[in-house]
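Here is a briefing on how the side chains pack in one protein chain. Look at the sequence and the structure first, then read on.

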Amino acid sequence: MLYIEKNECPGEVADDIQAIKETDAWKNTPEPLNQVLPEERSKTTRELRNFFDQLKKDKIREALLIEQHYLCAYCMSSIENNPLHTTIEHWLPLSKSKETALDYQNFLATCKGGSDIDASALKGTRLLCCDANKGDNEVVGNHIKNYRYRCVWRKARRINRFRS
């Protein structure tokens with residue numbers, strides 16, 4: 001995994017994030033981990049995804065690629081500023097935290113990880129990696145300098161987050 005020194009959120013994006021967080025819709029969205037039923041948690045995750053989708057992805061992608069030197073955060077393959085080639089990934093998944101859903105420090109640029117390859121063309125087999133393989137799982141480790149959270153692997157096989 002690529003070691004990344006995070007920069008500040010681009011100004012335009014920071015303004016948009018602040019505007020979203022001031023809406024009643026944002027304030028009324030519950031923390032996903034407080035949802036007991038899977039369907040409730042899934043609904044909250046979709047709501048957080050909708051908020052994230054309102055952001056200027058081109059600006060975010062450009063800033064992430066500059067700080068990552070145009071390399072995928074996971075496999076370090078070369079990536080470009082193109083939504084067909086690059087995904088904006090959440091280090092801590094949307095389903096785990098409302099607090100980090102719109103936090104630029106939680107964003108990484110990754111390759112598509114094979115999700116853009118038609119499995120039928122490969123006779124039903126394809127290898128997924130990076131964000132496509134990570135899915136809704138949390139990443140263990142501290143590969144991001146200036147990240148606001150430290151991830152700690154616990155004996156109970158859970159990751160606890162602590163503010164730095």
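Contact here means heavy atoms within 4.5 Å. The model is predicted. By that contact rule, and leaving aside neighbours within four places in sequence, Phe 107 is in contact with Lys 6, Phe 52, Leu 55, Ile 60, Leu 64, Ile 88, Glu 89, His 90, Ala 101 and Leu 102. Phe 107 is buried, with a relative accessible area of 0%.

**Nonpolar core**

- The largest nonpolar core has 29 residues.
- Which of its residues touch the most other members? They are Trp 26, Leu 55, Ile 60, Leu 64, Leu 102, Tyr 104 and Phe 107.
- At least two residues of this core come from each of α1 (11–21), α3 (38–53), α4 (57–67) and β3.
- In soluble globular proteins, nonpolar side chains tend to be buried together.

**Aromatic pairs**

- A pair of aromatic rings is described by the distance of the centres and the angle of the planes.
- The count of aromatic pairs comes to three.
- One of them joins Trp 26 and Phe 51, edge-to-face, at 5.2 Å centre to centre and 75° between the planes.
- Trp 26 belongs to helix α2 (residues 24–27) and Phe 51 to helix α3. The two are 25 residues apart, and their pair links distant parts of the chain.
- Trp 26 and Phe 51 are both buried.
- Phe 52 and Phe 107 also pair: their ring centres are 5.2 Å apart and their planes are at 65°, so this pair is edge-to-face. An angle over 60 degrees counts as such.
- Phe 52 lies in helix α3 and Phe 107 in strand β3, so this pair ties together parts that are 55 residues apart in sequence.
- Phe 52 is buried, with a relative accessible area of 2%.
- Phe 52 and Phe 107 form one aromatic cluster with Tyr 104.

**Charges over rings**

- Lys 6 places its charged end over the ring of Tyr 104, 4.3 Å from the ring centre.
- Lys 98 has its charged end over the ring of Trp 26, 5.0 Å from the ring centre.

**The loop between β2 and β3**

- Leu 92 lies in the loop that runs between β2 (86–90) and β3 (107–111).
- Is Leu 92 buried or exposed? Its relative accessible area is 3%, so Leu 92 is buried; the cut-off is under 20%.
- Leu 92 and Asn 106 are 14 residues apart in sequence, and their C-alpha atoms are 6.5 Å apart in space.

Conventions:
Residues numbered from 1 in each chain as written. Predicted model: local features only at pLDDT ≥ 70, side-chain atom pairs only at ≥ 80, totals over all residues. Heavy atoms only, no water. Helix = DSSP H or I, 4+ residues; strand = E, 2+ residues; numbered from the N terminus. Buried < 20%, exposed > 50% of the residue type's maximum accessible area, 1.4 Å probe, protein only. Core = buried A, V, L, I, M, F, W, Y, C linked by side-chain atoms within 4.5 Å. Phe/Tyr/Trp six-rings, centres within 6.5 Å; stacked < 30°, edge-to-face > 60°. Lys NZ or Arg CZ within 6 Å of the ring centre and 35° of its normal.
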